[in-house]
Amino acid sequence: WYPVQQLDGGFVEATKQFAINVKFLPTTRPKGEIRVLVCPTEKVTGASLTVSLQGKRLKTIKGLSFEPLATRAFSVPVDDIVAARGGTEVEIVGSSGGVLLHWSADEPIDGNPDFVSKVGIPPTPQVSDKDRTVAALFLEGVQQQKRGNQEDAQHFFDETLKRDPNYIPVLRTFAMQQYRAANFVLAEGYIERAVQQDAADPQTQYLAGVIYRAAGHSNRAQDAFWTAIRLGRPSPQALVQLGEIALAGKDYSGAEHLLRQALSFNPQDALAQCDLVAALRLGQNFSEAAKMAADAVDAMPLYPVALAEQWRAAEVRDANSSAARSARTMWADGVGDRMQSYLEAGSWYWRLHDWTSSDFILEAALQHLPSKQVSPMAYYYLASNARHEGLAQRAAEYDAKARAAKYDGIFPNRLSDVAVLQAALLNDPTDVHAQYLLGIFLFQRGRYAEAANLWLQAEASGLKYAVLDRNLGLDAWRVKKDLGQAANFYGKAIQLAPQQYRYYVDLDEIYAEEGATQARDRLFAGAPPEILDHDPARMRYILLLINEGRFDQAMILLKDHRFKPWEQGENAHDIFVFANIMEGRQALTAKKFKLAQADFERAFEYPPNLGIGKPDKPDDAAALYWLGEAMNEQGNREAADRNWRQLIDEGSEEPLSQYYAALALEGLGQAEKAADSMTRLADVPAGERTSAEGYYVAGLAERRRERLQQATAYFRKALEINPALWQAQMELK
């Protein structure tokens, strides 16, 4: 796999594309065989393959050739198959001596995004913030941002600025965050601090120009862009910005000159091409505008702005011409069936202050799309255009249509969207739809308090909308951490939309965090029957029933439904296994050993309705261990030992499987080995235990060692990382 992928519990680095499968085949205990299957996607000659165990070379085969997509198999005998599962490495070296592939059965270094094997490499020490340099803190924030960990990124950026309040990269980062959130006052404050530190930095000057332009300070923006150009090599982006400012100021010849300069550096810039077409059209140079519009469409045939400007240029010249009809058809066939296409072009014209053209394309949306598909944002833009054109009555009519339009499923995301919504609220502060939509933009940009305030105003003004209450509930839950208020808002959302199963799932999670078991029970018991037809809701109800020891009801819900596995969703088969094992353990406690045996044996099954087929190597560690306990209680020691030995021989390297293997060793009378394994599972240094599952298994091990206080702490830590880890919730109970 290229460049790095996880496969069969191992991790592989490759400089060519390879498929690799490493199998560990037991023969007579404890011996076995490592089987390596390799298949490249391109021809390889003169290579050598080496298989090592814990740094010691077991076998090297030289002079190998591999044909594309042809699998070759290699076998290596080993004396200890258990050790091989955890410490094997496979390396293929090319004829020039370079490593073409390196595979390891060991786990990756914790926290390393590249899954680099840690075989033979000491773990990277944890570095505290105070030991990092300012630059290192900032770069860590950038890495966290790239991974999508925004809270962690913000932490590192904040720490950087505490250490150095004038650190330019962080000031620029914060300036752009506020710019994207349409908070221009704060954005200007950050970027001006950066300029004060180094006014000769072209990147800082360029960003200052972007922010000033968005804030409506055209003169300051122009000064900053020209400064950026003078300080660095000519910047096509700065020239495009200057060209658009000239367009908005109706200096069409100046815009044309600037945009031609920009295109001389980057002729393929489709946006600059469209800007230039607009400058030519507005400057009455229709023939060249038409030619350049065709070039822009050829370069970007599905770009709404290019298609719109081609249509507009032809229409202005002669609305009845074949060119205009052809451009209209190209728009309709290419992007004309999507509201977002009209908004993309209409908002672009709005930013250029070409109100007439913005009207042209957005009114086309009203003519060609069904009314239920027309976004209220189209009407808000048209109302804004009309106000700029001095047409107050027309603006009022479009405002009224915006308030009446379908607003569910609308997510404003442009800075120009914010501007037209704010303008609508200045004109009518009681416009509840504008309040709701502006709140959506602000919330997703981190301006939580302002968003919630707008939503509360909308609700107070009479907007009855389930999504509004859900959003307020989300704010109370995730931002304010007020579970009671969150439950109240979600309850209102369910009253308004009782068929929306996601609200039940969220509210149940809120109740679970509160520990409100009776409220959870009432929630699902009182839900419409069709709510439990949805897997997420049914799963949460099943887990609640298991948590309450109501296994019979849980099993009915597991049997009477066809589950559909989904990404990041709960595994119905895992819950099926857990329910059977918990029911069996309850029977064991009641000394109903035959019933317990039946429950544990059922845990090996893969009912078709659960949506998951039986794998080649199922991990039945829990079922094997408990079945062994049931057989032992019935006096069938031979069957008990057989199950426990099978668990040890076939168990995976997963921590939970290793936990049950340690219990099996204990059952077999190997108390010392069992204690060593349990200690190893419980005593993994905290710096290497980064997952909720890792803490969960450590908690199980500590509980087995009767260190209940530490076990409780580990289960709670697991739930801090993943509040939805129901296994840890049940162990705490």
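Colleague: What makes the reach of helix H5, residues 184-197, close to what is expected?

Modeller: H5 has 14 residues and goes 20 Å from its first C-alpha to its last, and the expected span is also 20 Å at 1.5 Å a residue. That expected span is 1.5 Å times one less than the number of residues. By the way, a helix here is a DSSP run of H or I with at least four residues, a strand is an E run of at least two, and both are numbered from the N terminus. Keep in mind that this is a predicted model, where local features need pLDDT of at least 70. Residues are numbered from 1 along each chain.

Colleague: Which residues of H5 are called buried?

Modeller: Phe184, Ala187, Glu188, Ile191 and Ala194. Buried means under 20% relative accessible area, exposed over 50%, and partly exposed in between, with a 1.4 Å probe and protein chains only.

Colleague: How do you know that they line one face of the helix?

Modeller: Looking down the axis of H5, the buried residues fall within an arc of 125°, so they sit on one face. The arc is taken from the directions from the helix axis to the C-beta atoms. On the other side, Val185 and Gln196 are exposed.

Colleague: What do the buried residues of H5 pack against?

Modeller: Helices H4 (168-180), H6 (202-214), H7 (218-231) and H18 (415-427). Contact means heavy atoms within 4.5 Å.

Colleague: And how many helices and strands are there in the protein?

Modeller: There are 35 helices and nine strands, and buried residues make up 49% of the 733 residues.

How values were computed: This is a predicted model: local features need pLDDT of at least 70, side-chain atom pairs count only at pLDDT 80 or more; totals for chains, interfaces and linings use all residues. Side-chain values use heavy atoms; hydrogens and water are left out.
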